[in-house]
Amino acid sequence: MTINNKQYFWSKIQKCLIVFAILLFIACAKKESLRTASFKTSSGWGYTIAYKEKVLIKQSVIPVISDTKSFKTEDDALKVADLVKQKLKQNLSPTVTKNELILLKIKL
């Protein structure tokens with residue numbers, strides 16, 4: 001009789017572990033929801049940040065500076081896009097300061 005109780009107990013534990021492993025796998029396989037992309041403008045580069053295929057931010061000019069000009073390189077646009085994405089993930093304001101542009105070595 002005690003053998004049946006042990007088998008029943010281990011059977012239940014195994015089922016729980018399998019369900020836990022499946023849930024853990026699904027949670028780890030979850031795709032990143034915010035995506036950045038660059039796009040070409042008439043005078044340089046801009047970036048977009050999208051959430052589930054919906055564009056949240058479309059930035060065609062360098063923020064903060066007084067001139068209205070695009071990023072000189074695609075790499076510069078993506079650096080700022082990644083900074084803004086990180087801020088959004090941390091529930092911070094997506095605004096960019098001039099000091100952050102300088103720290104990212106964005107060509108102004």
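Modeller: Before we start: a residue is buried at under 20% relative accessible area, exposed at over 50%, and partly exposed in between, using a 1.4 Å probe and protein chains only. This is a predicted model, in which local features need pLDDT of at least 70 and side-chain atom pairs count only at pLDDT 80 or more, while totals for chains, interfaces and linings use all residues. Residues are numbered from 1 along each chain as its sequence is written, and side-chain values use heavy atoms, with hydrogens and water left out.

Colleague: OK. Is Phe-9 buried, exposed or partly exposed?

Modeller: Phe-9 is partly exposed, at 46% relative accessibility.

Colleague: How many aromatic pairs does the structure hold?

Modeller: Two. Rings of Phe, Tyr and Trp (its six-membered ring) pair if their centres lie within 6.5 Å; planes under 30 degrees apart are stacked, over 60 edge-to-face, and the rest tilted. Phe-9 and Trp-10 are edge-to-face, because their planes stand at 70°, with the ring centres 5.2 Å apart.

Colleague: And what about Tyr-47 and Phe-71?

Modeller: Tyr-47 and Phe-71 make a tilted pair, with 6.0 Å centre to centre and 45° between the planes. Tyr-47 is in strand 2 and Phe-71 in the loop between strand 3 and helix 2, 24 residues apart. Helices (H or I, at least four residues) and strands (E, at least two) are DSSP runs, numbered from the N terminus. Tyr-47 is buried at 2%, and Phe-71 is buried at 0%.

Colleague: New topic. How many salt bridges are there?

Modeller: Three. A salt bridge is a side-chain nitrogen of Lys or Arg within 4 Å of a carboxyl oxygen of Asp or Glu.

Colleague: Which residue does Glu-53 pair with?

Modeller: Arg-35, with the closest N and O atoms 3.2 Å apart. Glu-53 lies in the loop between strand 2 and strand 3 and Arg-35 in strand 1, so the bridge ties together parts 18 residues apart in sequence. Glu-53 is exposed at 66%, whereas Arg-35 is partly exposed at 41%.

Colleague: Where do Asp-75 and Lys-79 lie?

Modeller: Both are in helix 2 (residues 74–89), four residues apart, about one turn of the helix.

Colleague: What does Glu-100 bridge to?

Modeller: Lys-87, at 2.9 Å between the closest N and O atoms. Glu-100 is in helix 3 and Lys-87 in helix 2, so this pair ties together parts 13 residues apart in sequence. Lys-87 is buried, at 12%.

Colleague: Last one: which ring does the charged end of Lys-58 sit over?

Modeller: The ring of Phe-39, 5.3 Å from its centre. The test is NZ of Lys or CZ of Arg within 6 Å of the ring centre and within 35 degrees of the ring normal.
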